[in-house]
Amino acid sequence: MIKVVEAEAIIQAQARNYGVEVVPLEQALGRVLAVELTADRDLPPFNRVAMDGIAIKYDAFESGTRSFRIQATQAAGDKPAEVFAADACVEIMTGAALPSMLDTVVRYEDLEIKDGVATVLTDAVKQGQNLHQQGKDKKVGEVVAPANKLIDAALIGVAASVGATALRVKTLPKVVVISTGDELVEVQEAPLPYQIRRSNSYTIQAALQQYGIQAAQLHIPDDKESIKHQLAGCLQAYDVLLLSGGISMGKYDFVPQVLEELQVSKLFHKVQQRPGKPFWFGKHANGVLVFALPGNPVSTFMCFHRNFVPWLKASIGLPVTQAFAALSTDFAFEPDLQYFLQVSISINTNGQLVATPLVGNGSGDFANLVEADAFLELPAEKRNFKQGEVYRIWPFKPVLY
Ligand SMILES: Nc1nc2c(c(=O)[nH]1)N[C@H]1C(S)=C(S)[C@@H](COP(=O)(O)OP(=O)(O)OC[C@H]3O[C@@H](n4cnc5c(N)ncnc54)[C@H](O)[C@@H]3O)O[C@H]1N2
Ligand code: MOO
Ligand SMILES: [Mg+2]
């Protein structure tokens, strides 16, 4: 049985680049930008008026002029007015392009306007005030978003502003989520007293959606020939097989044996972790990866976040970030396994993440995951964990605060 870090190294060594594709801007949210985006013009592209009021020549104000004849009114989107006289001004709106002969904007709050003349009521006027200078944010050609950046709503806005109707993004692997088990019935079915509805594949399909992956779903009964037939097909059609169940010691746990018969080389079977000990990982000669996760729902969920997500991030160019939290209370765990404790996360008044154990009833108790926010990774070498000690967390809720 290998350690968690060894499993991690083996899996991360299989990270691979699935290439680049172009998606419409409206569909790019949550994807990873493959190439940097540059400004097609200065940002802002002209000296942008930042307050509604009048635009003046500062020199005139400095030499004592306070009343300015309104020569034109310019809305945002209007061609800049032409002004030549020193005592003339343009009544101008936020978002308008400053006329080239003018350099300062005085807001309406500091003016009195009467009979076509605007009088400045304050002496506190600075040259260039209330303007957003052309190119102040970015110069034409400058990078506005680097490659390998997760595309969020802010980046979508920047992309739109530089005229990117489509974005080059990292191609996501094609994933199929496969459940196995004769005890499992479809969600819409009424289970017999000794059956359950299958839930793992929905959990994993949803978790994948959070990374932009629209995975296919497949269910296979615990029948060796069916498993072999179905997996053979999947190995030709997908980049990644994410299985749950059928990998432990049971008489009907056929998955590892069938995978090896299908020329999927085992890279490891069993990891020194709880939950998730029976985890099996392998690779087909054609490069397809198989993550065969244990069937117990909390195990499936934990292995997905701890063992699969870092691989996915590495494969699409995202950093595998680390976060840590302090235990809210003492906790003991005896077995010589890395324990992934379910915790709720809060933030204390020192700004520190605090992990409160929500132990649950073992790896079958998936109802507990609704309340929990993260797994706290407790090192296998220790037995007793003290309040205040800080350990790595594997968050699985999108928002932690
Ligand atoms: N003799 C041993 N027995 C078991 C060991 C062991 O070391 N020795 N390990 C236990 C651990 S730990 C786990 S985890 C499970 C892993 O079992 P499998 O991967 O073989 O999964 P199954 O036997 O198919 O199912 C286990 C459990 O999970 C439920 N399940 C499976 N798939 C789904 C699904 N899609 N949705 C909801 N629930 C699912 C299934 O009904 C079982 O209750 O093995 C232990 N046994
Ligand atoms: O690891 Mo099993 O994954 O404890 O239920
Ligand atoms: Mg089993």
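Here is a short chat about salt bridges and strand pairing.

Guide: This is a predicted model, where local features need pLDDT of at least 70, side-chain atom pairs count only at pLDDT 80 or more, and totals for chains, interfaces and linings use all residues. Residues are numbered from 1 along each chain as its sequence is written, chains are lettered from A and ligands numbered from 1 in the order in which they are written, and side-chain values use heavy atoms, with hydrogens and water left out.

Visitor: How many salt bridges are there by this rule?
Guide: A salt bridge is a side-chain nitrogen of Lys or Arg within 4 Å of a carboxyl oxygen of Asp or Glu. The count here is 10.

Visitor: What does arginine 31 form a salt bridge with?
Guide: Its partner is glutamate 21, with the closest N and O atoms 2.6 Å apart. That pair links distant parts of the chain, 10 residues apart: glutamate 21 sits in strand β1, arginine 31 in the loop between β1 (20-24) and β2 (37-38). Strands (E, at least two residues) and helices (H or I, at least four) are DSSP runs, numbered from the N terminus.

Visitor: Is arginine 31 buried or exposed?
Guide: Buried means under 20% relative accessible area, exposed over 50%, partly exposed in between (1.4 Å probe, protein chains only). Arginine 31 is buried at 11%, while glutamate 21 is partly exposed at 31%.

Visitor: Which strand do 4 bridges join to β28?
Guide: Two strands pair if DSSP finds at least two bridges between them. Here β22 (residues 323-327) runs antiparallel to β28 (residues 390-395), with alanine 323 opposite isoleucine 393.
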